[in-house]
Amino acid sequence: MTIVPLPYEIAHCSSWDDEYSPQELVSSSPGNRQLNQASRSDDEDDQPANNKIKGWQTPKCPNYPQDLIIHLLCGPAHISKVQVLSHHYKIATKIDVYVGVLKDSSEPLEEHLPESPPHTDSDTTEGDMLIEFTRLG
């Protein structure tokens with residue numbers, strides 16, 4: 001089986017430092033770079049080869065947990081590997097990975113995403129959720 005990097009976009013991020021936007025993850029993703037190279041002409045170049053990618057970082061003293069929701073642009077996919085690269089002294093204590101599917105796949109996700117998701121059980125009920133998540137591991 002061939003492993004292919006999947007293109008994605010950031011559907012939601014709970015917070016970030018102004019200099020370390022979650023869009024840095026999108027621009028540095030091999031799957032997104034392959035998608036961009038296929039869709040643009042050879043003379044266009046969005047990102048020089050020597051451009052340093054900074055990645056995503058939360059602001060100092062954020063509220064926990066931090067949420068990062070990635071929307072796969074290819075649709076449903078078989079995922080066999082998830083890579084997380086951390087700075088040598090900014091390593092997360094814990095990372096939970098969830099997979100989710102839209103409850104009604106006929107409606108695009110972008111129409112329903114709030115500016116910030118509810119973080120407490122009292123703010124939402126299971127019936128209100130647009131995505132059904134399953135925790136891995």
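Among the elements of the chain, strand 1 has the highest mean pLDDT, at 90, while helix 2 (residues 30–39) has the lowest, at 73. The model is predicted. Across the chain, pLDDT averages 76, and 70% of the residues score at least 70. The chain holds two helices and four strands. Their order from the N terminus is β-α-α-β-β-β.

**Confidence**

- Residues 116–122 stay under 50 in pLDDT. For this stretch the model has eight contacts beyond four places in sequence.

**Overall fold**

- The chain has 137 residues, and 12% of them count as buried.
- Contacts between residues at least 6 apart in sequence were also sorted by separation: 80% of them join residues at least 24 apart.

**Strand 1 and its partner**

- Strand 1 covers residues 8–13. Five of its six residues are buried, so the strand is mostly covered, given that buried means under 20% relative accessible area.
- Strand 2 spans residues 68–72 and runs antiparallel to strand 1. Five bridges join the two.
- Within this pairing, Ile 10 stands opposite Ile 70 of strand 2.

- Ser 14 and Ser 15 both belong to the loop between strand 1 and helix 1. Helix 1 itself covers residues 23–28.
- Ser 14 counts as partly exposed, because its relative accessibility is 26%.
- Ser 14 and Asp 67 are 53 residues apart in sequence. Their C-alpha atoms are 5.2 Å apart in space.
- Ser 15 counts as buried, because its relative accessibility is 17% and the cut-off for buried is under 20%.
- Beyond its neighbours within four places in sequence, Ser 15 is in contact with Trp 56, Thr 58, Pro 59, Pro 62 and Gln 66.

- Cys 61 lies in the loop between helix 2 and strand 2. Its phi is positive, about 55°, although Cys 61 is not a glycine.
- Cys 61 counts as exposed, because its relative accessible area is 77%.
- Pro 65 is also found in the loop between helix 2 and strand 2. A cis peptide bond joins Tyr 64 to Pro 65, with omega about 0°.

**Salt bridges**

- Side chains of opposite charge can pair when their charged atoms come close.
- The structure holds two salt bridges. Lys 94, Asp 96 and Arg 135 are linked in a network of such bridges.
- Asp 96 is partly exposed, with a relative accessible area of 34%.
- Arg 135 is partly exposed as well, with a relative accessible area of 43%.
- Lys 94 counts as exposed, because its relative accessibility is 61% and exposed means over 50%.

**Aromatic rings**

- The structure holds zero aromatic pairs.
- The ring of Tyr 20 does have charges placed over it. The charged end of Lys 54 sits over this ring, 5.5 Å from its centre.
- The charged end of Lys 90 also sits over the ring of Tyr 20, 6.0 Å from its centre.

Technical notes:
Residues are numbered from 1 along each chain as its sequence is written. Side-chain values use heavy atoms; hydrogens and water are left out. Buried means under 20% relative accessible area, exposed over 50%, partly exposed in between (1.4 Å probe, protein chains only). Two strands pair if DSSP finds at least two bridges between them. Contact means heavy atoms within 4.5 Å. Rings of Phe, Tyr and Trp (its six-membered ring) pair if their centres lie within 6.5 Å; planes under 30 degrees apart count as stacked, over 60 as edge-to-face and the rest as tilted. A charge sits over a ring if NZ of Lys or CZ of Arg is within 6 Å of the ring centre and within 35 degrees of the ring normal. pLDDT is the predictor's confidence in each residue, from 0 to 100. A salt bridge is a side-chain nitrogen of Lys or Arg within 4 Å of a carboxyl oxygen of Asp or Glu.
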